[in-house]
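I opened this notebook to keep track of what I looked up in the structure.

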Amino acid sequence: MSIVNKKAVPKKRRASSRKKPAGKKIKKGLSPAVKILIGALLLILLSPFYYGYVLKTFSATWRWVADIGETPGYRTYDDFDIPIPSKYSVHGIDVSSYQGKINWQKVKEMREDDVEIRFAFIKATEGIMHVDPYFQRNWREAPKAGIVCGAYHYFKPNKSGKWQARFFLQTVRPEKGDLPMVVDVEELNGVAPERMRKELALFLDHIKSKTEVKPIIYTGLSFYRDYLKGHFDDYDLWIAHYYKSELKVSKTTRWKFWQHSDKARINGVGHVVDMNVFNGDSLAFDRLIVR
């Protein structure tokens with residue numbers, strides 16, 4: 001039996017059922033504008049100015065919440081333990097032997113928000129015989145701490161105004177960098193208002209002629225209205241008027257300082273202290289200082 005060799009016919013190749021790989025999607029990059037925006041945001045977030053702004057905003061918001069119920073412009077400062085009129089930028093105190101031994105460096109370092117002690121009026125003399133026992137120490141130590149000082153005399157209307165001025169000048173003379181000298185007049189001592197004004201005028205004239213600097217008159221608001229208003233209007237005033245949000249005097253009144261409290265607590269001082277503000281900014285304050 002013969003076997004016939006048949007040529008094998010190759011089978012047709014089936015078309016591959018595998019699909020062609022899909023083309024890769026092209027990722028679109030961020031636009032230049034978006035990149036610039038992101039960069040700017042990063043610069044802001046990493047900037048110390050940004051955090052300063054945030055802290056300032058937070059502080060202002062917290063202060064606003066804490067001040068709810070306070071008289072506008074007259075909020076309580078916890079460290080000083082009194083309300084302080086807020087529209088003034090130059091603050092100070094006045095002291096005498098009543099405050100005892102003072103650590104002036106601590107006074108200078110004390111600060112709450114924008115309030116710090118920049119100046120101090122220091123009692124020097126009273127009448128024609130009394131020198132404040134702490135005057136020399138205060139007059140020496142306060143300037144060392146960087147506090148601008150002025151000396152004051154407690155005036156006795158029943159004593160010679162000229163002799164009181166001489167006694168004051170025997171104890172202290174204003175020097176470059178000091179505040180003008182002050183006369184504190186707040187009682188009649190049993191004499192008529194006319195006699196008080198006569199002796200006060202003699203005091204002021206003598207101080208002005210010897211120092212070439214016009215002194216400042218300190219007095220209470222009621223005493224000023226009753227006995228001084230209209231008589232010494234060319235002199236600068238330092239007026240006492242306590243626990244009020246503003247000093248209610250006419251716009252023509254030449255007041256430079258306002259003693260607004262007698263109950264301030266000051267670091268370095270063992271007793272309550274009178275607190276004052278200056279009627280003006282730092283530049284005006286500097287112009288008042290003796291040159």
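Predicted model: local features only at pLDDT ≥ 70, side-chain atom pairs only at ≥ 80, totals over all residues.

Helices (H or I, at least four residues) and strands (E, at least two) are DSSP runs, numbered from the N terminus. Along this pair, R75 has I84 of strand 2 as its bridge partner, and Y74 stands opposite P85, again in strand 2. The hairpin has 4 residues between the strands, and D81 takes a positive phi near 65° there.

Residues are numbered from 1 along each chain as its sequence is written, and side-chain values use heavy atoms, with hydrogens and water left out.

I count 8 helices and 12 strands in the protein. Of its 291 residues, 40% count as buried, where buried means under 20% relative accessible area, exposed over 50% and partly exposed in between (1.4 Å probe, protein chains only). Among contacts (heavy atoms within 4.5 Å) between residues at least 6 apart in sequence, 66% join residues at least 24 apart.

A nonpolar core is a set of buried Ala, Val, Leu, Ile, Met, Phe, Trp, Tyr and Cys residues joined through side-chain atoms within 4.5 Å. The largest one has 56 residues, and those with the most contacts inside it are F80, I93, W104, I266 and M275. Apart from it lies another core, of 17 residues, among them V148, Y152, Y218 and F285. I then took W104 by itself: leaving aside neighbours within four places in sequence, W104 is in contact with I93, V95, A120, R137, N138, E141, A142, A145 and I147.

A151 lies in strand 7 (residues 148–154) and counts as buried because its relative accessibility is 3%. Not counting residues up to four places away in sequence, A151 touches I122, A124, F135, W139, F168, V172, P180, M181 and V182. From A151 to T125 I read 8.8 Å, C-alpha to C-alpha, across 26 residues of sequence. V183 lies in strand 8 (residues 182–184), and its relative accessible area is 0%, so V183 is buried. With residues up to four places away again not counted, V183 touches H153, F155, L200, F203, L204, I216, I217 and Y218. The C-alpha atoms of V183 and F203, which are 20 residues apart along the chain, are separated by 8.4 Å.

Two packed helices are described by the angle between their axes and the distance between the axes. The axes of helix 6 and helix 7 (residues 221–228) come within 11 Å and cross at roughly 100°; axes are lines fitted to C-alpha atoms, for helices over the stretch in contact, and angles run from 0 to 180 degrees between N-to-C directions. Helix 6 is therefore roughly perpendicular to helix 7, since angles of 65 to 115 degrees count as such, with those under 35 roughly parallel, those over 145 roughly antiparallel and the rest oblique. P193, M196, R197 and L200 of helix 6 make the contact with F223, Y227 and L228 of helix 7. These residues divide into 6 nonpolar, no polar and 1 charged; Ala, Val, Leu, Ile, Met, Phe, Trp, Tyr, Cys and Pro count as nonpolar, Asp, Glu, Lys and Arg as charged, and the others, Gly among them, as polar.

E212 is found in the loop between helix 6 (193–211) and strand 9 (216–220), with a phi near 60°, a positive value in a residue other than glycine. Its relative accessibility is 73%, so E212 counts as exposed. Y243, in the loop between strand 10 (237–240) and strand 11 (255–264), has a positive phi of about 60° although it is not a glycine; Y243 is partly exposed, with a relative accessible area of 43%. S96 has its place in the loop between strand 3 (91–95) and helix 3 (104–109), yet S96 counts as buried at 15% relative accessibility.

Key:
Pairing = 2+ DSSP bridges.
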